[in-house]
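Below are my notes on this model, as numbered points.

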Amino acid sequence: MSEAVDCDVCIIGAGSAGLSAASGAAQLGMRTVLFERDAMGGDCLNYGCVPSKALLASAKAAADARGAARLGVKASEIAVDFKAVMSHVRRTIDAISPKDSVERFERLGVRVIKAEAKFVGPRDVTGGGFRVQARRFVIATGSTVRMPPIPGLGDVGALSNETIFSLDRCPAHIVILGGGATGIEMAQAFRKLGARVTLVELERILGSEEPEFVDMLRRVLIGEGIELREGTRVARVERDADVITVMLDGQAESLRATHLLVATGRKPRVESLDLEQAGVAFDDKGIAVDARLRTTNPRIYALGDVAGGPLFTHVAGYHAGLFVRNALFRLPSRVDYRAVPSVIYTDPELARVGLTEREAKEGSDKDPHVLKLDFTDNDRAQAEGATAGGIKVIARKNGTVIGASIMGRHAGELILPWTLLIARKLSLRALTDLLVPYPTLSEISKAAAGAFYAPKLFSAWPRRVVRGLSFFS
Ligand SMILES: Cc1cc2nc3c(=O)[nH]c(=O)nc-3n(C[C@H](O)[C@H](O)[C@H](O)COP(=O)(O)OP(=O)(O)OC[C@H]3O[C@@H](n4cnc5c(N)ncnc54)[C@H](O)[C@@H]3O)c2cc1C
């Protein structure tokens, strides 16, 4: 017999989306119930952003130590202690986890139920011995790895993002399937930590990014010793004791690895929810939502990865804000993905917001203004000996910015002003008068804005005006 609970908001999933929605609802005085069947914090904290960035930080430290000689510092022998690296990963999760803990959310007034939830009707959810009725529901159950239909893949003990951060020994040879952000980040991390790495991608790596920056990153990865197999299909995989054999379509030679990581994309986590009971429509991309994130049952919202938009923690948080506005304040607010930044946390990083040149030309901006600058012209990048990369800005003829990509050290930190320009529909003019500290990498953004106006500023008529004014001195 289940205990009946009546509340204002019932949320399923305590990841980035569910936690933000729960915190907002509870702080607004809503009686809030939150179901979580696994670890509080969801993928981002436990199996995604946090452990991957911690692992990359260790990898970068190893690479920086090996490369310190180019700055005149000779480090003797560099040794990677993989167990200590994984302790750093664990410590990072532990340091952040109190923010997402049951205790913190209970202090905020949320009733947390550590159990799997499912719908048993359009207004009823059960789980953990409770039957919850609510005025509004939130499905925030995230996404999980999409296993490609490769014969043998289910039988070889392949790793995913949910298992890779529990390794206790550095793989001798890891084959990574998938050249998206996760595959590329993990390839660089494990290579720098000492593994042999082969990355197999069906098409081209990072296919949605600016091709010139991808070419640059490809050269960096190959230079680091990562074997890239693009345009390659895996025909079948087999395991024999400790060896995983990866057979490639149309190639006589196969790969022999100790580990196999699958990073071939994500699918929505919906199987356990019995969505049919609630009249919530979904497909293999996610739960169907309208522009206000309402599902086909108007009492139920879907937020975060499960709603099938851009798969980022900051988007999950943004969705939660929209839920609070739409469902709690009753202020109609539509989702707007024009200014969603993304970062690939390799070294150098690749950050983007808005459109690429190709996307702009395929859309309504057939002939956009494209500005490109390299970090070789940036004094700070020169001082740090880190000049790989640059900036590419896509703007309309009037200077309104519609896209920006930055490749370089700290590119993820440098993308913010461009996010602001695109979100607020501002033109490059907003950057030209700013005082930017010298010498910083940020100067590249001001320089790009300046490059847009320079041809106009130094054209014939301003020169004539200045020459004319000089007679009055
Ligand atoms: C390796 C990797 C690296 C990443 N790096 C970044 C990054 O650097 N930056 C970034 O912005 N994004 C990153 N992401 C993406 C980011 O992790 C996700 O976009 C984010 O976690 C989505 O949050 P969410 O709340 O939608 O889902 P999740 O965080 O997945 O949370 C969903 C929760 O729902 C729970 N749940 C599911 N079903 C039920 C049920 N029936 N009952 C109860 N609970 C249930 C799950 O246990 C889970 O805890 C990364 C992802 C991966 C895989």
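1. Helix α2 is the largest contributor to the shell around the ligand, giving four residues. Helices here are DSSP runs of H or I with at least four residues, strands are E runs of at least two, and both are numbered from the N terminus.

2. The model is predicted: local features need pLDDT of at least 70, side-chain atom pairs count only at pLDDT 80 or more, and totals for chains, interfaces and linings use all residues. Residues are numbered from 1 along each chain as its sequence is written, and side-chain values use heavy atoms, with hydrogens and water left out.

3. The shell holds 39 residues, of which Ala17, Glu36, Lys53, Asp305 and Thr313 come nearest.

4. Which atoms of lysine 53 and the ligand are 2.8 Å apart? They are an N or O atom of the lysine 53 side chain and a ligand oxygen. For threonine 313, a backbone N or O atom lies 2.9 Å from an oxygen of the ligand.

5. Nine of the twelve α6 residues are buried, so the helix is largely enclosed by the rest of the structure. Buried means under 20% relative accessible area, exposed over 50%, and partly exposed in between (1.4 Å probe, protein chains only). Among the buried residues are Ile184, Met186 and Phe190.

6. Glycine 194 follows α6 and has a positive phi, near 115°.

Conventions
Near = heavy atom within 4 Å. Polar contact = N/O pair within 3.5 Å; in protein donor to acceptor, adjacent residues only side chain to side chain.
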